[in-house]
Amino acid sequence: MKFYLIAIILLILISLFLYFQNNKIDITKYSIKSEKVNNSIIIAHLSDMHSKPFKKVVKKLSEIKPDIICITGDYINDHAKNKEKMFDLASEMVEFAPVYYITGNHERRLDNFEEIMQSLRESGFNVLLDEVATAEIKDSEIDILGLDENMADHKDYRARKAGIFEYRDMKPYFEELNKANGFKIVLSHCPENFEGLKEMNYSQYDFDIQLSGHAHGGQFILPFIGPVFAPGQGLFPKYARGSFGERPKLIISRGLGNSEFPFRLFNHPEINVIRINNK
């Protein structure tokens, strides 16, 4: 009897620990200076919600008071789970600030992709599929390139890891962004594309910041070791969290939800808050 009681207590403690690991939202702050903005602008960067109707996100946005919200893919998972709840959540988020959204690999696996995109537009999202949008925020021009990298299948991950994946040339879209005069943001689901590609890396182009997700922070973050695994990068991925470079600068979100793997470890859900100040 005593053994069963101890086992039950341990099970409850483990369950509480995992709930905390997967539901406490961390706010990670970044500060960038630029002569292209006239006033301080706050960007909330969200990624990889995976159909989790996370009401805590709304509470956090009410505290952050962003001027722009950027979502870098996998908002809805490949089974379209909770899609109506996610549309309702989208409608709540756009009450805080304009939302600019790109697809991830999960949306690209949806059979009803176009229907989902239309519903997100009707919810208020600015859906960017290889296109540039311009926003006027606090007397400043913000130019946002949203890339639809369309790497959907698991065989794509294996090919990327093996170095035989055939990447799309995104140069025409960066050239379109280059025509703009404001503060330039690139939304890309896959962070490793920033400088991990050979001839086609994004860091060679002229822009200010790239926002990415996809890696889920490595899913597990082990003390003294770091992130454990990311699709497309494999074990101990380099591009799983934090930032890289100065200008252009890559900022990676650890994401807010989970996909096939059900939990995180030492890797809380995260919202990045990027403040752009006048130089």
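The largest cavity holds about 40 Å³ of space. This is a predicted model, in which local features need pLDDT of at least 70 and side-chain atom pairs count only at pLDDT 80 or more, while totals for chains, interfaces and linings use all residues. Residues are numbered from 1 along each chain as its sequence is written, and side-chain values use heavy atoms, with hydrogens and water left out.

Select Thr103, Gly104, Asn105, Glu149, Asn150, Met151, His189 and Cys190, which line the largest cavity. A cavity here is a set of points, on a 1 Å grid over the protein atoms alone, where a 1.4 Å probe fits but cannot get out; lining residues have an atom within 4 Å of a point. The lining comprises two nonpolar, five polar and one charged residue. A search of the whole structure finds one cavity of 30 Å³ or more, its volume being the space filled by probe spheres set on the points.

Next, select helix α2 (residues 55–64) and helix α3 (residues 83–93), whose axes come within 10 Å and cross at roughly 5 degrees. Helix α2 is therefore roughly parallel to α3 (angles under 35 degrees count as such). Display Lys55, Val57, Val58 and Leu61 of α2 with Leu89, Glu92 and Met93 of α3, which make the contact (heavy atoms within 4.5 Å). These contact residues divide into five nonpolar, no polar and two charged.

Finally, select Lys55 and Glu92, whose side chains form a salt bridge (2.3 Å, N to O). The criterion is a side-chain nitrogen of Lys or Arg within 4 Å of a carboxyl oxygen of Asp or Glu. Lys55 in helix α2 and Glu92 in helix α3 are 37 residues apart, and the pair links distant parts of the chain. By this rule, the count comes to 15 salt bridges.

How values were computed. Axes are lines fitted to C-alpha atoms, for helices over the stretch in contact, and angles run from 0 to 180 degrees between N-to-C directions. Helices (H or I, at least four residues) and strands (E, at least two) are DSSP runs, numbered from the N terminus. Angles under 35 degrees count as roughly parallel, over 145 as roughly antiparallel, 65 to 115 as roughly perpendicular and the rest as oblique. Ala, Val, Leu, Ile, Met, Phe, Trp, Tyr, Cys and Pro count as nonpolar, Asp, Glu, Lys and Arg as charged, and the others, Gly among them, as polar. On a 1 Å grid over the protein atoms alone, a cavity is a set of points where a 1.4 Å probe fits but cannot get out, and a pocket is an open set with protein on both sides within 12 Å along at least five of seven lines; lining residues have an atom within 4 Å of a point.
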